[in-house]
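The following paragraphs walk through one protein model, beginning with a single residue and widening from there. Please keep the sequence and the coordinates at hand while reading.

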Amino acid sequence: MVQYCKQCGRCCERWGWGQEGTADDLVPWVAGGRRDILLHVAVRLASGHWTRGDSIREEDIPSVTRVLYWQDPGGRHLRSCPFLERRGDGLAACTIHSVRPAVCREYSPWRCTDGDYL
Ligand code: SF4
């Protein structure tokens, strides 16, 4: 049975803040100058050096070996996704939906046996 997202926001609240990304996620953000997103990303380069996403240039992307979500601009890990928004009607929305990372694009909601998620 196909499950559709009901915008309850619980998936993003529970798992949206401690995910691994890919170097490909960075491509549209760097090309589009999305510093608002990149400053919440931790990036490790082939040299082993960790840096914040907004310091990455297009030519650096092939040397990215690890991408972590999400952090505050000071480099501290967040316990919630900074792009999850609760609207007045109670529904949850992703404020970067059109450019959200692959881990979010490829995620599917499901119904757990205890009925907790849908
Ligand atoms: S980026 Fe969007 S889809 Fe991904 S966890 Fe945050 S709010 Fe959810």
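Aspartate 25 is buried, as 24 other C-beta atoms lie within 10 Å of its own. Here a residue is buried if 20 or more other C-beta atoms lie within 10 Å of its own, exposed if 12 or fewer, and partly exposed in between, with C-beta atoms placed from the backbone. This is a predicted model, in which local features need pLDDT of at least 70 and side-chain atom pairs count only at pLDDT 80 or more, while totals for chains, interfaces and linings use all residues. Residues are numbered from 1 along each chain as its sequence is written.

Aspartate 25 sits in helix α2. Helices (H or I, at least four residues) and strands (E, at least two) are DSSP runs, numbered from the N terminus. Leaving out residues up to four places away in sequence, aspartate 25 touches Val67, Pro101 and Ala102; two residues are in contact if their C-beta atoms, placed from the backbone, lie within 7 Å. Aspartate 25 and arginine 100 are separated by 75 residues in sequence, with 7.9 Å between their C-alpha atoms.

Asp25 is one of the buried residues of α2, which are Asp25, Leu26, Trp29 and Val30. They cover an arc of only 125° around the axis, so they fall on the same side of α2; the arc is that of the directions from the helix axis to the C-beta atoms. An α-helix has 3.6 residues a turn, so residues three or four places apart point the same way. The cover over the buried residues of α2 includes β1, α3 (35-38), β4 and α4 (102-105). The face of α2 turned away from the buried side carries the exposed residues Asp24 and Ala31. Helix α2 (residues 23-31) lies across β1 and β4, at about 75° to β4. For such angles, axes are lines fitted to C-alpha atoms, for helices over the stretch in contact, and angles run from 0 to 180 degrees between N-to-C directions. Just after α2, glycine 33 has a positive phi of about 65°.

The sheet comes next. Four strands form an open, antiparallel sheet in the order β1-β4-β2-β3. β1 (20-21) and β3 (50-52) are at the edges with a single partner strand each, so one side of each has no neighbour in the sheet. Two strands pair if DSSP finds at least two bridges between them. Strand β2 (residues 41-45) pairs with β4 in the antiparallel sense over five bridges. Along this pairing, valine 43 stands opposite valine 67 in β4, and arginine 44 stands opposite arginine 66 in β4.

Arginine 44 and valine 64 are 20 residues apart in sequence, and their C-alpha atoms are 5.9 Å apart.

β2 also pairs with β3, in the antiparallel sense over three bridges. The bridge partner of alanine 42 in β3 is arginine 52. The hairpin of β2 and β3 has four residues between the strands, and glycine 48 in this hairpin takes a positive phi near 95°.

Most residues other than glycine have a negative phi, and most peptide bonds are trans. Glutamine 7, in the segment before α1 (10-15), has a positive phi near 55° although it is not a glycine. Glutamine 7 is partly exposed, with 15 other C-beta atoms within 10 Å. The peptide bond between tyrosine 69 and tryptophan 70 is cis, with omega about -20°. Tryptophan 70 lies in the loop between β4 (64-69) and β5 (84-86).

The model also contains a ligand. The residues around the ligand are Cys12, Gly16, Cys81, Phe83, Leu84, Cys94, Ile96, Arg100 and Cys104, a residue being near a molecule if its C-beta atom, placed from the backbone, lies within 6 Å of it. By class, this shell has seven nonpolar, one polar and one charged residues. Ala, Val, Leu, Ile, Met, Phe, Trp, Tyr, Cys and Pro count as nonpolar, Asp, Glu, Lys and Arg as charged, and the others, Gly among them, as polar.

As a whole, the protein has four helices and six strands, in the sequence pattern α-β-α-α-β-β-β-β-β-α. Of its 118 residues, 19% count as buried. Among contacts with a separation of 6 or more, 60% are between residues 24 or more positions apart.
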